[in-house]
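Hi,

Here is the structure I promised to pass on. Please have a look at it first, and then read my notes below.

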Amino acid sequence: MDRESASLLATVCALLADSAKPLPDDTSLEKLLDRLTEFSEAGVSLPDSCPCLLDFISTIASNSTSDPSILSFALKLSGLLAATEDDYRALQERSVLDIIFSVQRWKDAELWDDPCIRIGWIHGLKRMLLHPKALAFFVQSGFITPLLQLQSDPSMFVASAANQLLAHILLAIQSENEEHANIKTNTEHSRVVLQTTDHIKESLVPKESTLAAGSRQVLKLLALILDQARRPLRDQLLTALAASLEKLAEAGYSQMTPALMDVIMAGYSPDSDDVTSHLLSSMLNVNKPTDLVQAAAAFLHQSHSCASSDTANIRRVVRILLLPLHFVTEHPLLGTGMNCTSKQSDRCNPLLYSKIFSAPSADTAIMTAQLKNKSMFISMICVCLRNAPQVALMPPGILPCHPAMIVLSVVTLLRICSGDASTSSSSSLDGYKNEVYRCIVSSGKVQKSALEALASLSSSTGADSTMKEVSEILLHYMSNPDSDPTVLQKSYKAFVQWTSVWTDHSFISQQLREDLFMGVEKRACDPRWEVRDSTIEFLGQLHCVPSRKSADSALLSECLTAPLLREALQDPESYVRASAISALARGFVPGGLQGTELSQEQTDTVDRLLKILCEDTEGFARRAVVRYFMTWLSSCSSPPSSPHSLLLESVRVVLSRGSLDLDWEVKVNTLELAELLLDAAFLDHGRCTGAENHPYAPFSTRANGQAWARGAALDSALSSLVDQGVFSVLLSGLVDCDRPVALKACELLIRIRETINGMADVMSGVSCELPEWGWGKEIRKVLKNEGDESRSVSVCQVLTSLALDERRVLLSQSSDHVHNSFQSLLQDILSAGVTLGDAGKDDGQEVIVDCY
């Protein structure tokens, strides 16, 4: 820290310590603390460099009348200074820490109720505890008691921070005890662990269902600790809390199932018979279907590391997650029919089945009661659907059915959701099925989850055997006029996903193709813009399905889709227009339209796109136009040879108009288009004619010939860039007011300069005309020849005179790098204090502070 900054900091500390001059906000204090933290982490001793900080903390410690935000800042600053051994000792010598972190002191001053003070106390202690000796200070000061009380603080932010600090304390004690394992366990540390364990035990099981939020907070704390704890701390906690955890598992609080499973999985080990194993067994045998499915899903998500050694529980969890689909769709996902018997217990657990769905042998009333809670039943089905793709990836020894059967069950579920009652084949369950259908028919939530699952299942083993069924249900949803826009979008996504893995489309009948086109054609004219947008995007995605071998195998031929896309270019919604442009660009394949004569429709499309670039009021569509020509140019194996080709003529217009656009993203895209032309121009710049390399030519002739040929090639490349308007676009971008545009232009100009570096002597020279106004005038100012009447400048001279490297460094910095300095921050805090003091004389004056 330089001397001037240290001096300013001393003045700021004096201002903050003066209780008569509070600051109007604490954002600047947080910024100041961040800067001081950066200094400390860089190895700077803050007390040595800035003794004023110790004086400030001492003043605050003896005066509790300051603004709470300043007091909170002092607490955090104390923790920051105490994070190193030397600075911790310096604070202890002043007896500051005992005073400023005294909870009783803040309570006596009636300030502890302010969450600002409590959060400052927590953050200060957590920062201080980076220093090993601070752990002893924390324990001996008895801070564990107020910290445990803060676990249930009414402020969510305070409770969460206290949660994190308590976990940090226990893990620090663990490390401290392990380091001194040869010494008898520290009794003070043991007391802290015991107090924490007792607190968790008392808070785990809520006295009423309305207090479940507090129990969830405690479970989060326990999961956080167990995730990093090692023996013996882990075993000590689990042994002490086993009864409470078991009681909580049996209580059946559905809202706590995910948090309880987090605890179980944080401490679970498949090769041990400990508390978590028993808890897991309890959770996988609960009576509530929704809780059971949630527990199974949690285990599946977190059991990657133990899946190979815990096949029994994995197999059990897989069956639990398949049971809802098994029941609803009647597909034998469990490797058996609906009527399980005890002799088939190895394939279907009848007791478990009865618990979940009350199978036919169970009381009908129980089954009906479970189905009457529509929201919970739908939630359970959706959980199963979300996990179906992962379940389908299980090996045959764990998965009780072929993965294709899971695909077909999802298809059947989608049929049921659409109201198709013919899917029920079992007369013995008609009464139950009516209840099931009542729950899920037309359920958008189930439809969306099922379509997402179906899309992910496209890569499962044997999925190709279900192509016909999948295509039919997806076409049904895409053609259904009652489909929700989001459901339709997910139908499109699933269809594209499945189409990409189909080796051919011969299984799709002509009737289905016609139905597909008719459905898409209607949706392209839907009054809802979201539907039109999804439909246009879908048409564009069909253009780039990787398995499509030829145009003949396309699901929808271009002659059908192109008119719809061209019509969408005039859609009143800008999102739809942009999607149509992107869809048209997706039709380009390597080779593009190169060497082929454009049809009148294609020429009209290009004209329409250029008109959108010039006249459209929305940036989405204009950006898409520039990207369209980038795609077209990129698809060409080599740039068109004729300068009068439609592509190059259009690109010149795009460069000219795009560089003048008001949208900075359009301008950046325009520069990316210019970059493509730049790459193409310099692709062959190093090639020579070959005569200068003749073996009998003198060495000097060969060397001079190579240089001359390369210079001529560079002249030709630069000339083409000037003629195409690329160089003008780069120069105009260099002085653009939008920093990303100027930076991109600067980088491209540097590339040109480096390409021609050292070749100026063998180049004949290429000139570029600068306009008298706008960017031309700005470039002349940079070149310091604004008085020159000549509009033509040498390209090589411009590239070497613009100080591009310095400009790039400046443009690479953030826009506030000058004003957002440490000194500037300190000056702003001082200015705020002075302004506030003046404002105190005139209550009508508004104070505005730049708080970054």
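Predicted model: local features only at pLDDT ≥ 70, side-chain atom pairs only at ≥ 80, totals over all residues.

Residues are numbered from 1 along each chain as its sequence is written, and side-chain values use heavy atoms, with hydrogens and water left out.

Salt bridges first. I count one when a side-chain nitrogen of Lys or Arg is within 4 Å of a carboxyl oxygen of Asp or Glu, and that rule gives 25. One of them pairs Arg-94 with Asp-55 at 3.0 Å, N to O. It links distant parts of the chain, with Arg-94 in the loop between H6 and H7, and Asp-55 in H4, 39 residues apart. (Helices are DSSP runs of H or I with at least four residues, strands are E runs of at least two, and both are numbered from the N terminus.) Arg-94 is partly exposed at 38% relative accessibility, and Asp-55 at 39%. For these labels, buried means under 20% relative accessible area, exposed over 50%, and partly exposed in between, with a 1.4 Å probe and protein chains only.

Arg-532 and Asp-571 also form a salt bridge, with the closest N and O atoms 2.7 Å apart. Here Arg-532 sits in helix H29 and Asp-571 in the loop between H30 and H31, and both residues are buried.

Next, Phe-101 lies in the loop between helices H7 and H8. Phe-101 is buried, at 0% relative accessible area. Beyond residues up to four places away in sequence, Phe-101 has contacts (heavy atoms within 4.5 Å) that include Leu-75, Trp-121 and Phe-143. Leu-75 is 26 residues from Phe-101 in sequence, with 7.3 Å between their C-alpha atoms.

H38 is largely enclosed by the rest of the structure, because 12 of its 17 residues are buried. Among them are Leu-743, Lys-744 and Arg-753.

Finally, Tyr-575 belongs to helix H31 and is partly exposed at 37%.

Happy to talk any of this through.

Best wishes
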